[in-house]
Amino acid sequence: MCQLLGMNCNTPTDITFSFSGFAQRGGVTDHHADGWGIAFFEGSPEQDPTQPDKGLRLYIDNQPASSSPIAKLISQYPIKSRNVIAHIRKATQGVVATENCHPFVRELWGQYWVFAHNGNLENFHPRLHGSFQPVGTTDSERAFCWIMQEIAKAHATTPSVKELTATLRELMPSLSKHGTFNMLLSNGAALWAHGTTHLHYIVRQHPFTVAHLQDEDVSVDFANVTTPQDRVAIVATQPLTNNETWTAVQSGELLVFVDGARVG
């Protein structure tokens, strides 16, 4: 199975600490070596901070994350974002190729949507219309296209986070019945996380403490790099640190995070 990593914050934050440990799972501390990717939502200087970030940086590579030069750049370059989704691939459907690397990106209602999936969907071949078609050959990208198609059919214009969450909760069982469906989804306004097997989250807020990575001997004292107002939610397939309390997502549960807090 693949590995997922998501971050949702109330202020632009870098993910270098979490990503440096996460990348080790792409061939060093785990055997997921069939590619990786990461997407950062980014706002403009003139943007109203209450509005979703519309800019997007996407990096994908079919090399193992632990040895990819692009992954090394990301682990050292503090790109600040309020919503981030990363993925390390263990191929189940589709060859090892760049077009099959997650996250996948589509546009709807003038917004970028980013999606990554961990699992395997058997016999999932939905009828897709022209607006949303897969480029690669993975079950994951087919699932993403189907989700985008169905939410576009359900809403004529951009709905609220609450309305989108309700629609996604209706859609998830149709995917889960085909197999394992752990996923992360974001449109720059929120981060949605659905689990059927392994998915965990933590919300870091004041008072901040020291965190130690599970996959590397690296620690950071978040009290030295944050303000009391900061709040950061991290979602991962398995806990990234070994000295913090992570919460397991229950099977069939859909969570939504806004401004670093769980709101559903």
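1. Seven strands make an open sheet, ordered β3-β2-β4-β1-β12-β9-β13, with antiparallel pairing. Its edge strands, β3 (55-61) and β13 (247-248), each pair on one side only. Pairing needs at least two DSSP bridges.

2. This is a predicted model: local features need pLDDT of at least 70, side-chain atom pairs need 80 or more, and totals for chains, interfaces and linings use all residues. Residues are numbered from 1 along each chain, and side-chain values use heavy atoms, without hydrogens or water.

3. β2 (residues 36-42) and β4 (residues 80-88) pair antiparallel over five bridges. Glycine 37 has histidine 87 of β4 as its bridge partner. Helix α2 (residues 69-76) packs on the sheet and touches β2 and β3 (contact: heavy atoms within 4.5 Å). Its direction makes about 40° with that of β2 (lines fitted to C-alpha atoms, for helices over the stretch in contact; N-to-C angles from 0 to 180 degrees).

4. α3 covers residues 139-154.

5. The largest nonpolar core has 27 residues. Such a core joins buried Ala, Val, Leu, Ile, Met, Phe, Trp, Tyr and Cys through side-chain atoms within 4.5 Å. α3 gives the most to this core, seven residues. Leucine 175 touches residues including Trp146, Ile147 and Phe181. Another core, of 23 residues, lies apart; among them are Ala71 and Val232.

Key:
Helix = DSSP H or I, 4+ residues; strand = E, 2+ residues; numbered from the N terminus. Expected span 1.5 Å × (residues − 1). Buried < 20%, exposed > 50% of the residue type's maximum accessible area, 1.4 Å probe, protein only. Lists of a residue's contacts leave out its neighbours within four places in sequence.
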